[in-house]
Amino acid sequence: MTIYSLYIFDRHCECIYYQGWHRTTPTRPGKDVLPNVAPDTRIPSKAEQEAAEAAATSQAAASPKPNNALDYASVPRAPGSAVLPSTRSQSQAQQQQQQLGLRGVPVLVSAEQQQQAATQPQKRGLPFDEECKLVYGVIFSLRSMMKKLSSKEDEAFISFRTSTYKLHLFETLSGFKFVLFSDANVDSLRFVLRQIYQGAFVEFVLRNPMIEVDSRVSGEGIDSQAFRMSVHKFISELSVFR
């Protein structure tokens with residue numbers, strides 16, 4: 001048994017938060033993903049690429065270098081690319097961000113690395129924006145079908161299971177939808193989603209005056225490392241997590 005991923009949608013059907021643990025395929029960035037939803041899920045805009053490149057260049061110029069260090073500022077660069085001082089340190093930073101699910105600055109690569117990535121086979125799976133639309137579409141369709149077939153007006157859609165996974169749903173009165181994917185053999189985890197909402201979400205998101213939860217107003221997802229780390233700690237301590 002295991003837990004795969006967590007999605008949070010707002011009342012505008014936008015995915016404002018994502019966190020994954022045991023995905024079988026890595027996420028593919030999408031162009032319509034809101035900023036700060038999760039690392040490595042959004043394609044940075046040209047302005048963000050240029051700002052990150054300028055910040056990396058200024059930081060490299062300001063940091064002291066040993067006498068035998070290579071002057072990376074003098075290395076010729078292709079337009080829209082940046083040479084990183086250390087591939088190893090870059091990889092370690094990426095791994096650390098992925099483990100904690102923390103937000104980071106978009107990583108720029110050299111023209112040679114871009115060419116190598118272009119020649120490699122494309123990752124399986126949908127881009128993340130299409131993935132979120134598919135997840136929400138499944139929930140919307142099943143809820144609509146349930147209301148038409150049910151004889152009770154207050155009957156709620158809680159979960160559904162396939163041969164490989166199980167989807168758990170918890171919906172708040174304010175329109176937030178918490179969606180959790182787990183192994184097919186796991187019992188209902190709706191109580192887990194309720195505890196995330198009543199605990200970490202209320203404490204670090206709703207009570208935080210610096211966070212605007214309406215995506216139409218802020219234009220971005222939930223930008224809270226405290227909330228992300230709290231969710232990771234809570235999920236990883238569950239008996240079904242492995």
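Biologist: Which residues touch the most other members in the largest nonpolar core?

Modeller: This is a predicted model, and in it the largest nonpolar core has 47 residues. Ile3, Tyr7, Phe178, Val179, Phe201, Phe227 and Ile235 touch the most other members.

Biologist: Which element gives the most to this core?

Modeller: That's H5, with seven residues. S1, S2, H4, S4, S5, H5 and H7 each supply at least two.

Biologist: Pick Val179. What is it in contact with, leaving aside neighbours within four places in sequence?

Modeller: Quite a list: Ser5, Leu6, Tyr7, Phe9, Val135, Ile139, Leu167, His168, Leu169 and Leu193.

Biologist: OK, on to the sheet. What order do the strands have?

Modeller: The order is S2-S1-S5-S4-S3, in an open sheet of five strands with antiparallel pairing.

Biologist: Which strands stand at the edges?

Modeller: Strand S2 (15-20) and strand S3 (159-161) do. Each has a single partner strand, so one side of each has no neighbour in the sheet. On average, neighbouring strands here are turned by 10° against each other, direction ignored.

Biologist: So what about S2, is it largely enclosed or left open by the rest of the structure?

Modeller: Largely enclosed, because five of its six residues are buried.

Biologist: How many bridges are there between S1 and S2?

Modeller: Five, with strand S1 (residues 3-9) and S2 pairing in the antiparallel sense. Ser5 stands opposite Gly20, and Ile8 has Tyr17 as its bridge partner. S1 and S2 form a hairpin with five residues between them. In the turn, Cys13 has a positive phi of about 70°.

Biologist: And the helices? Which strands does H4 lie across?

Modeller: Helix H4 (residues 128-149) lies across S1, S2, S3, strand S4 (165-171) and strand S5 (177-183). Helix H4 runs at about 80° to S1. Helix H5 (residues 190-206) also packs on the sheet, where it touches S1, S4 and S5. The direction of H5 makes about 45° with that of S4.

Biologist: Switching to rings. How many aromatic pairs does the structure hold?

Modeller: There are 17. One of them is Trp21 with Phe241, an edge-to-face pair at 6.5 Å centre to centre and 85° between the planes.

Biologist: Which parts does that pair tie together?

Modeller: Trp21 lies in the loop between S2 and helix H1 (46-62), and Phe241 in the segment after helix H7 (225-236), so the pair ties together parts that are 220 residues apart in sequence. Trp21 is buried, with a relative accessible area of 16%; the cut-off for buried is under 20%.

Biologist: Back to Phe201 and Phe227. Why is that pair edge-to-face?

Modeller: Because the planes of the two rings are at 75°, with the centres 5.8 Å apart; over 60 degrees counts as edge-to-face. Phe201 is in helix H5 and Phe227 in helix H7, so this pair ties together parts 26 residues apart in sequence. Phe201 is buried at 0% relative accessibility, and Phe227 is buried at 0% too.

Biologist: Which rings link into a cluster?

Modeller: Tyr7, Phe9, Tyr18, Phe128, Tyr136, Phe160, Tyr165 and Phe181, through ring pairs.

How values were computed: Residues are numbered from 1 along each chain as its sequence is written. This is a predicted model: local features need pLDDT of at least 70, side-chain atom pairs count only at pLDDT 80 or more; totals for chains, interfaces and linings use all residues. Side-chain values use heavy atoms; hydrogens and water are left out. Two strands pair if DSSP finds at least two bridges between them. Helices (H or I, at least four residues) and strands (E, at least two) are DSSP runs, numbered from the N terminus. Axes are lines fitted to C-alpha atoms, for helices over the stretch in contact, and angles run from 0 to 180 degrees between N-to-C directions. Contact means heavy atoms within 4.5 Å. Rings of Phe, Tyr and Trp (its six-membered ring) pair if their centres lie within 6.5 Å; planes under 30 degrees apart count as stacked, over 60 as edge-to-face and the rest as tilted. Buried means under 20% relative accessible area, exposed over 50%, partly exposed in between (1.4 Å probe, protein chains only). A nonpolar core is a set of buried Ala, Val, Leu, Ile, Met, Phe, Trp, Tyr and Cys residues joined through side-chain atoms within 4.5 Å.
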